[in-house]
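I opened the model to look up how its two chains meet, and then how each of them is put together. My notes follow in the order in which I checked things.

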Amino acid sequence: MFDFLNPDNLMNFFVAAILAGTPLLFGTLGEILTEKSGNLNLGVQGMMFMGALGGFAGAYYYEQMAAQPVAVISVLIAVICAFLTAAFGAFLYSVLTISMRANQNVTGLALTIFGTGFANFFGEAISFAAGGYAAVSSETKTIFNTGIPGLADIPIIGKILFSYNFLVYFAILTAIILAWFLNRSRAGLNLRAVGESPATADAAGINVTRYKYLATVIGGGICGLGGLYIVMNSSNGVGGVWTFNLISYQGWIAVALVIFATWSPARALWGSLIFGALSVMRLYIPLGIPAQIYDMFPYIATIAVIIGVSMRRRRENHPPDSLGIAYFREER
Amino acid sequence: MESAIKLQNISKSFGDVRANIDINMQFNKGEILAILGENGSGKTTLMNMISGIYFPDSGSIIVDGREVTIRSPRDAFSLGIGMIHQHYKLVEVLTAAENIVLGLPGKGKLDRAAVSAKIKQISMRYGFDINPDKKVYDMSISEKQTVEIVKTLYRGASILILDEPTAVLTPQETDRLFSVMRNMRDDGKALIIITHKLNEVMAVSSKVAVLRKGEYIGTVETAKTSYKELTEMMVGRTISLNIERPPPTGQQDRLELRNITCLNEEGIPALDNVSFTAKSGEILGVAGVAGSGQRELCEAIAGLYPILSGEIDYYPPGSDKTQPIVGKTPKNIRKMGIVLAFVPEDRLGMGLVANMHMVDNMLLKGYRKGFPVFADRKPPKKLAENIIKSLDVVAPGVYTPIRRLSGGNVQKVLLGREISSQPTVLIAAYPVRGLDINSSFTVYNLLNEEKKKGAAVIYIGEDLDIMLELCDRIVVLCGGKVSGIADAQSITKEEIGMLMTNLPDARLP
């Protein structure tokens with residue numbers, strides 16, 4: 001019964017967990033940055049969709065139009081387009097919630113619906129125009145699915161540490177940079193002050209609106225990279241091909257992961273690994289229970305963490321104080 | 001003495017209210033100037049104009065001999081003006097050092113060691129006790145205040161304004177603050193302290209400037225003045241308002257408070273051993289500077305504020321049996337058959353729902369009546385119509401949202417609803433605040449009506465002239481303690497002023 005405990009299977013499980021956890025990590029990091037500015041953007045799912053479409057369409061059209069497409073350029077375009085498209089979604093959210101002070105929850109939900117529809121509509125249109133099957137070149141797809149050349153071939157260590165595609169390392173790097181930014185830099189300190197108490201930040205001479213816009217838009221862009229990962233990496237299905245409704249749950253898990261990680265980029269690394277593991281566990285750890293129960297694990301873990309965190313009552317683990325509240329200077 | 005700030009003909013109005021009228025003042029370097037005045041005398045407004053929160057309607061501000069325009073706190077800070085507000089502006093989850101450097105320009109990487117060193121240097125110079133790495137949420141009120149002061153000094157402030165800095169401090173902390181203030185004064189900084197505590201004015205200031213009802217009365221040297229002179233300057237001459245005061249009839253004890261003590265959120269006593277009795281058929285005034293425990297007193301009686309110790313007994317009309325009401329919720333108090341009406345200070349926050357219309361607001365107090373589940377809207381509608389008619393409420397109709405009514409009409413609606421229950425105890429907190437003369441007189445008449453009907457009316461007020469003419473007896477609160485209970489017809493305004501700013505055990509010169 002416990003044959004799944006053999007080292008090979010466990011190693012495969014670990015690798016699969018990292019691969020499944022990376023889009024969650026992007027979404028979580030983007031949302032942490034956003035929420036640190038006091039904006040609760042529930043549109044992560046929508047922005048992931050937009051990022052997926054933007055990245056896919058960018059690479060696809062480049063390859064269609066260029067006489068001799070170069071895979072590296074195609075990948076670069078995909079990354080930039082994914083970031084920009086999702087950032088545009090976050091920008092719409094910012095205009096509505098920061099400048100026009102609309103309700104953040106409603107706007108975020110609307111962004112999810114909008115992003116989903118937007119990506120599916122244009123994605124299907126691209127698919128349809130290509131005869132029902134739009135895909136990026138296999139060279140491009142390979143870059144999104146192979147590890148570090150040379151190093152990945154080392155036995156065991158190579159598989160555990162170096163077999164992932166560049167977006168995995170990029171996500172981890174983003175987490176480290178974000179952690180440094182929030183805890184060690186002046187701008188990060190100012191951003192935290194904006195999220196905690198915008199009136200205090202304002203009085204201290206910090207441009208609250210600018211910080212909120214930048215954090216939300218860049219955060220949205222980072223979420224979009226999660227979407228790009230999902231469309232390009234084959235661990236989630238067929239990589240590099242546009243699929244209808246290709247993001248099923250990752251955006252929402254990311255929102256939950258922000259709470260799980262208690263707004264800390266470092267803990268987001270562990271959190272996304274655990275959630276990644278929980279989401280692929282069914283395939284590697286057969287316990288003889290229905291698949292639906294496996295699907296519930298990430299959510300049960302979130303509830304458990306929320307209970308745990310609120311019982312410990314450490315101030316550092318609280319959400320930013322002004323999260324979800326629009327700032328209006330005249331309102332004292 | 002070198003001038004730091006000069007104010008010339010500064011005026012500021014908020015709507016119809018003239019907060020500052022033609023003020024001319026001067027603040028000098030190396031001097032502690034106390035600004036003294038009652039509530040609403042315009043002290044804070046004036047200082048807010050110097051620190052960039054408000055912009056004056058007219059007049060000019062001269063800093064270091066140069067006329068300046070101060071549009072924001074940032075402008076003020078670049079002129080070396082720092083203000084310590086009553087409500088500290090600090091980010092709770094950040095450390096002292098992080099709060100101090102917040103928003104300052106500098107290298108991208110925050111050099112914590114250098115910041116801590118500079119904070120230590122400032123602390124040494126003036127005698128602050130501060131730990132740069134302590135989180136603000138772990139700090140006491142006094143430590144938070146220290147962070148605020150160091151924050152302004154770190155930014156190079158040479159003019160410091162402290163808005164009632166001692167209101168939340170213990171006597172020992174106050175002494176420490178004063179010694180720091182003296183050190184800053186000796187260092188050549190200009191200090192301005194807003195206060196209404198006379199003993200502190202005497203203890204720390206070099207000069208005292210007095211404001212009254214938005215006007216500048218004058219400046220005196222602390223060494224050459226007395227409590228009596230300052231009190232007179234502060235409260236001014238008694239003005240006759242001709243408010244009707246029917247003689248109290250059939251007085252019986254109605255509500256007795258014995259040794260009530262309540263703690264505020266910081267754990268400091270908001271009410272300290274408060275005892276008094278409210279009688280039927282009289283208006284009992286409660287005087288005191290703002291934040292002396294008035295709000296807590298009202299809410300403690302109404303069953304809305306936790307009481308640490310003490311008793312409140314209710315004497316039902318025509319019965320000798322007393323009913324204790326401490327620890328009871330408003331609903332329980334009602335169930336006991338006690339009709340207690342409360343007109344809170346915060347009319348649209350606590351009294352009425354701004355977005356609901358009159359009928360629904362009436363329903364709030366009567367929805368428990370009638371058939372369960374379904375709300376009967378007819379009686380509240382009738383009540384609303386009655387109030388419009390009998391109290392001359394100017395409203396397009398009973399279905400207009402309350403927020404669209406003017407302040408006076410809102411108050412009439414609230415009072416009308418509270419009185420409709422025929423209360424035996426009526427608590428009215430600042431019922432005429434922000435009202436024009438006519439509306440104010442309507443309110444006085446309503447209160448007198450209730451008094452004649454035999455209710456025990458508790459009137460929380462701020463204008464002493466009104467209280468002296470309207471109330472029968474006056475309880476004076478000072479720092480949460482009762483500093484005196486007097487007959488309104490025999491006490492003078494100066495005497496109340498003295499009681500408001502001094503505890504009875506504080507020796508008067």
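This is a predicted model: local features need pLDDT of at least 70, side-chain atom pairs count only at pLDDT 80 or more; totals for chains, interfaces and linings use all residues.

**Interface between the chains**

Residues are numbered from 1 along each chain as its sequence is written, and chains are lettered from A and ligands numbered from 1 in the order in which they are written.

**Chain A**

I then went through the secondary structure of chain A, which has 13 helices and 0 strands, helices (H or I, at least four residues) and strands (E, at least two) being DSSP runs numbered from the N terminus. The radius of gyration of chain A, taken over C-alpha atoms, is 20 Å, close to the 20 Å that the globule rule (2.2 Å times the number of residues to the power 0.38) gives for 332 residues, so chain A is as compact as a globular protein of that length. Along the principal axes, the C-alpha atoms of chain A fill a box of roughly 60 × 55 × 35 Å.

**The sheet in chain B**

In chain B I traced an open sheet of 6 strands with mixed pairing, in the order β16-β17-β18-β13-β19-β20, where two strands pair if DSSP finds at least two bridges between them. Because β16 (340-343) and β20 (481-487) of chain B stand at the edges with a single partner strand each, one side of each is left without a neighbour in the sheet.

Strands β17 (residues 425-429) and β18 (residues 456-460) of chain B pair in the parallel sense over 5 bridges, and V425(B) has A456(B) as its bridge partner in β18(B). By contrast, β19(B) and β20(B) run antiparallel and are joined by 6 bridges, with R473(B) opposite D487(B) in β20(B). Their hairpin has 2 residues between the strands, and in it G479(B) takes a positive phi near 55°.
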